[in-house]
Amino acid sequence: MIRFWHLLSLILIFNISLIENVDKNNFKTCEQSAFCRRQRKYKPETSPYEVDLSSMKTVTNGHLQFTLLNTLKTHVKFQLDLFTLEHNSLRVKINEMNPIRKRYEVQSVLVGEPKLVNVNLTKSDGNRVEGRFDKTARFILNAKPFRLDLFTNDIFVMSVNSKNMFNFEHYRKKPGSDGAPADANNEDNEDGMWEETFKTHPDSKPHGPSSIGVDVNFLNFENVYGIPEHADAFSLRSTHDTDPYRLFNLDIFEYDILNTMALYGSIPYMLAHNEHATVGFFWLNAAEGWIDVQNDKLNTKNIFSTITSFFGSKSNNENNEVPEVTTHWMFESGIFDGFFFMGPTPNDIFKQYTAITGSVPTPPLWAIAYHQCRWNYNDEDDVRGVNNGFEQHQIPVDVIWLDIEHTNGKRYFTWDTSKFPNPEKLQDDMAVYGRKMITISDPHIKKDDGYQLYAEAKSLGYYVKTKDGADYEGWCWPGTSMWLDYFNPEIYKWYSQRYSYENYKGSTPNLFIWNDMNEPSVFNGPEVTFPKDIVHYGGWENRDVHNLYGMLQHMATFDGLLERSHGNIRPFILTRSFFAGSQRTSAVWTGDNAAQWSHLKIAVPMLLSLSVTGIGFIGADVGGFFFNPDAKLLVRWYQAAAYQPFYREHAHIDTARREPWLFGDDNTRLIRQAIEQRYTYLPYWYTLFHRQEKQGVPPMLPLWANFPRDRNTFKTEDSFMVGNGLLVYPVTEADINQVTVYFPGVNTVWYDIRTFAQHNGSETALINVDMESIPVYQCGGSIIPQRLRKRRASMLAIHDPITLVVALDRNNEAEGEFYLDDGQTYNYRHKHEFIHRRFTFKNNELKSTSLDASAKFETDAWIERIVILGYPKNPSRVAIHSGDKQAIPLHSYQDASQTLIIRRPGPSVTADWTLILS
């Protein structure tokens with residue numbers, strides 16, 4: 001009841017709407033954002049920007065430098081730096097030369113200085129410079145006007161400023177100040193340049209206009225993806241008749257779907273894919289951004305003759321047109337720091353992006369299992385009751401979560417001792433079952449002199465400042481709150497140390513962390529966040545760095561958890577707000593979704609958009625955060641999310657309880673079945689997560705990532721793949737008994753994982769569905785490891801035996817991998833303690849070989865069963881050879897499904913062995 005009146009008071013004071021969907025009036029449109037309004041209307045017939053080729057300087061091999069001029073403002077000069085990078089990547093930086101104020105360049109995102117490669121330069125003529133570098137990459141820099149064209153395998157793929165939209169607003173003095181003329185032209189004094197107000201919130205804009213706009217165009221492409229986070233289609237829609245896609249980290253209450261509004265995180269990275277190439281563009285900028293997308297046709301007659309032949313396919317013979325996706329990027333401040341990735345394959349793109357921003361580290365095994373969460377489990381007895389419920393109903397679970405009500409009055413790093421009098425014992429009790437706990441730690445700090453954390457940070461001057469130098473105050477869950485300035489390395493370190501066992505009383509090695517509300521959410525702030533003119537460390541306005549704030553919090557949290565174990569135990573953090581690079585330290589979920597079929601459906605394109613932009617450890621709240629799902633929706637959500645990387649059920653405090661056993665015996669059985677399926681595939685998931693760390697390839701993939709030439713997959717968002725082995729088709733409508741499934745790939749065969757029935761690739765089939773499961777298929781040519789023994793938690797099964805499911809392709813061949821380590825420490829890195837096996841089936845032989853003979857890991861795990869799908873006939877003899885040992889295991893054969901089952905073949909998972917079918 002207290003919680004109700006507290007929330008009601010916030011609603012009344014700050015007019016927080018509790019309507020069914022978000023009140024869009026609380027958030028800006030492009031027209032209401034002055035810089036977006038200016039940039040969007042900027043469409044000159046000819047670009048005034050020119051490159052002075054005579055200024056070209058080779059700083060070092062792979063780094064060229066030019067002067068860029070605005071011919072309409074000859075006193076303003078820009079420096080253009082061009083870097084040719086390894087992995088077929090190009091970096092272009094454009095900044096003011098001698099600005100009156102330094103412009104912000106993003107920190108904390110890149111994993112290091114990108115490695116340069118040699119460039120082979122040729123000057124085509126006095127107006128162009130051409131360069132070739134790395135394996136297949138090529139650029140042409142056009143001088144008058146400035147334009148950059150990019151090629152991979154000599155296919156024209158991207159073009160910069162070909163639509164003349166490059167527009168760099170230099171810093172200037174305000175008309176009438178410091179000797180600047182008071183009668184400045186309108187261009188220096190447009191409405192919103194020097195101040196603007198949204199609703200009742202003024203933005204002082206002390207440094208004036210500073211935005212940058214540029215068009216980046218994808219030649220011969222019809223589909224672009226990425227730039228999360230939006231509750232929208234995977235293949236980005238045209239914004240011709242809507243607002244641009246917005247990138248500005250915000251707490252959106254009950255977000256709508258199928259629109260371009262900003263959400264909790266921002267990744268300014270877009271990919272394009274066609275049957276010839278996959279390419280990408282990443283703008284390293286942490287300010288507010290807007291991106292227009294337009295599907296066009298490019299008339300190749302308008303392109304100079306030297307590049308008209310470099311398209312992946314011929315243009316239309318009658319009108320010389322090829323498809324083109326035109327994108328217009330607009331950011332409020334910073335510099336142009338663009339990375340161009342030229343593929344040419346999907347896996348190349350994943351590697352190229354994660355080479356500069358980092359990959360997802362292999363998470364703890366328990367973190368990719370099932371999580372049970374609610375706002376809030378009330379007290380220790382409630383937590384124990386939930387744990388006992390999983391025991392009684394024999395449903396596996398690895399983690400139980402505590403939301404904000406576990407604290408002493410929303411004071412983070414504390415406990416409500418009336419509800420949680422002995423949190424250490426509670427965590428230890430969960431550990432007996434092989435389970436972990438997670439508590440929430442939001443960035444708002446309750447203003448209370450009696451709260452030690454607040455008082456210490458106050459005395460040290462650690463809070464974000466207003467434009468006038470005072471500590472910034474706002475409202476969030478605790479009431480009046482302040483926010484730490486993580487941009488200051490000293491404050492960042494201090495915050496990370498709050499997670500030590502000494503500082504976080506009641507925490508144990510079995511406790512991990514959830515960072516929420518870190519956009520940050522400020523209930524009485526403009527657009528429910530920080531004012532743009534508050535000031536961070538170094539004198540930078542929030543305007544320059546806004547989208548980094550949440551990432552710095554969860555990075556500091558990660559460092560704190562790492563430090564408390566002296567660098568030995570892998571941390572786990574979940575964050576709501578994120579930016580490029582967040583994948584290195586945190587999992588991400590899609591925020592406050594709703595218990596609606598439409599939200600179950602939109603989860604797939606939202607997760608795919610995150611996945612292809614580097615954020616690979618992702619999930620959506622099972623059942624929907626807001627409202628109450630009926631049993632059918634809840635079951636379908638459990639079934640779909642069992643095949644998504646992060647698997648957590650979560651619900652709002654005002655919803656009915658929804659633990660898996662509360663919907664009747666049959667639905668309990670169905671939910672148990674879905675969760676057990678997740679645990680069965682954990683060896684496969686864990687192998688995929690390790691591949692992601694090493695190669696950048698996310699576990700959850702669009703179909704085109706595995707079938708890049710299959711045009712039927714380019715807009716697919718109702719199904720997805722787990723690795724290259726599983727095709728998943730969630731059921732996202734209430735009352736249907738059939739779904740239409742497209743099976744990708746020419747000459748490919750797919751096997752139903754339940755019945756082993758076969759389906760041909762490049763065909764569409766009408767599939768009957770019931771409530772028992774959703775359609776999932778294993779791809780012919782793949783080998784997938786499983787654990788079939790049932791355990792209450794994942795870490796208890798780490799040494800259990802393995803089953804191999806070998807799905808043969810049309811050539812009766814297959815291959816796959818299996819990775820295993822201790823599931824929780826960094827010994828796999830520091831001590832080389834792991835197993836990494838490769839399985840191949842060819843010429844009636846299944847072989848297991850090591851992918852790293854120097855690696856060692858002690859385990860009792862062994863091969864318990866081998867299931868071979870699509871084997872044409874019952875073999876007369878099955879033998880397995882390992883070293884000097886031979887065994888003749890039992891086998892059975894099912895003619896109808898062409899399935900061969902070999903029981904207890906027996907070799908250790910660490911051994912080399914060969915299975916021979918005669």
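## Strands 2 and 3

In this predicted model, strand 2 and strand 3 (residues 77-85) run antiparallel and are joined by seven bridges; two strands pair if DSSP finds at least two bridges between them. Helices (H or I, at least four residues) and strands (E, at least two) are DSSP runs, numbered from the N terminus. The hairpin formed by strand 2 and strand 3 has six residues between them. Phenylalanine 66 stands opposite leucine 80 in strand 3.

Of the eight residues in strand 2 (residues 63-70), seven are buried, meaning under 20% relative accessible area with a 1.4 Å probe and protein chains only.

## Strands 1 and 2

Strand 1 (residues 49-60) also runs antiparallel to strand 2, with seven bridges joining them. Leucine 69 in strand 2 is the bridge partner of glutamate 50. Two residues lie between the strands of this hairpin, where glycine 62 takes a positive phi near 105°.

## Helices 4 and 5

Helix 4 (residues 380-392) and helix 5 (residues 423-432) have axes that come within 11 Å and cross at roughly 5°. Axes are lines fitted to C-alpha atoms over the stretch in contact, and angles run from 0 to 180 degrees between N-to-C directions. Helix 4 is therefore roughly parallel to helix 5 (angles under 35 degrees).

The contact (heavy atoms within 4.5 Å) involves Glu380, Val383, Arg384 and Asn387 of helix 4, and Pro423, Lys425, Leu426, Asp429 and Met430 of helix 5.

## Basis

Residues are numbered from 1 along each chain as its sequence is written. Local features need pLDDT of at least 70 and side-chain atom pairs pLDDT 80 or more, while totals for chains, interfaces and linings use all residues, and side-chain values use heavy atoms, without hydrogens and water.

How values were computed:
Parallel < 35°, antiparallel > 145°, perpendicular 65-115°, else oblique. Buried < 20%, exposed > 50% of the residue type's maximum accessible area, 1.4 Å probe, protein only.
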